[in-house]
Structure formats: structure tokens, C-alpha cells
Amino acid sequence: METKAIATKFVRHDVPELNTLQNAKVYLLREKLNKGEKMNRAEKNWLAEAVNRNAFFKRAVPLQGYRFGFEDVLKTYVVKQYGSWQEYNAPDKTSLKSIVYGRIDQIAEISK
């Protein structure tokens, strides 16, 4: 098993050292996944929310100039709602349903 980096810097300006973020939720989750542990329901729901509600990345969470990638645990879904399709990334359908508001007509997983 290859070791995945905790985070990578994505800004040009100076940012605090990565180890200063060790108590952040996203850091702890990435560290847990790197150890091969599974996410619980609350963590999956939080990750789905964090990934889909940020303006920087589709499959990562930004924090203080660092990009915490979760490509290894996220799946891509398309959701039909109110006659249109929207793309989301989430660990599973249950966590996706927790962040989508309103009536969902259909959910399909996109395999890549």
C-alpha cells in the first residue's frame, strides 16, 4: 500500500506549517484514512458536505492554503432533481442524500 500525503500546498503565499493543523477535522480524517481505518457515518456526511460546499476543489477540502485530497474514497454521482441533473462527489449515496435538499428523482453513480 502506498502512503498518501496528508495535504499539499496550493497557494503561492506563505502559510503556516502543516503540522500546526494537526487538530483540524480534515487533517485527522485524512490521517485516519491513511492508516487504513474506515470512516463512520458522521465523518462520511461531513466529508460530503465539505467537498461539495467549497469553491476550490471538487474532490478535496481546502484549509489555510493546503489541499486535503480525498480522491481515494469519493465516488461521483449525478442527481436528477426538479428536471435537471447535477454532479456531486460523496463517499456513498447515504452521505450524498444528507447534503441534497428537496425531492431527489434519481441518483446514478458515474464510474471512472
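Before anything else, a term I need: two strands count as paired if DSSP finds at least two bridges between them. I also jot down that this is a predicted model.

**Entry 1: a sheet with β4 in it.** I looked up the strand order and got β5-β4-β6, an open sheet of 3 strands with antiparallel pairing. Which strands sit at the edges? They are β5 (84-90) and β6 (106-110), and each of them pairs on one side only. I checked the twist too, and it averages 25° from one strand to the next.

**Entry 2: β4 and β5 up close.** How many bridges join β4 to β5? I found 7, with β4 covering residues 75-81 and the two strands running antiparallel.

**Entry 3: another sheet.** Next I noted an open sheet of 3 strands in the order β1-β3-β2, again with antiparallel pairing. Its edge strands are β1 (8-9) and β2 (60-63), each pairing on one side only.

Entry 4: I looked at how β2 meets β3 (residues 66-69), and they pair in the antiparallel sense over 4 bridges. What stands opposite Val61 in β3? It's Phe68. Then I asked myself which strands helix α1 touches. Helix α1 (residues 25-34) packs on this sheet and touches β2 and β3. Its direction makes about 40° with that of β3.

Strands of a sheet pair through backbone hydrogen bonds, and the pairing can be parallel or antiparallel.

Terms used:
Residues are numbered from 1 along each chain as its sequence is written. This is a predicted model: local features need pLDDT of at least 70, side-chain atom pairs count only at pLDDT 80 or more; totals for chains, interfaces and linings use all residues. Side-chain values use heavy atoms; hydrogens and water are left out. Axes are lines fitted to C-alpha atoms, for helices over the stretch in contact, and angles run from 0 to 180 degrees between N-to-C directions. Contact means heavy atoms within 4.5 Å.
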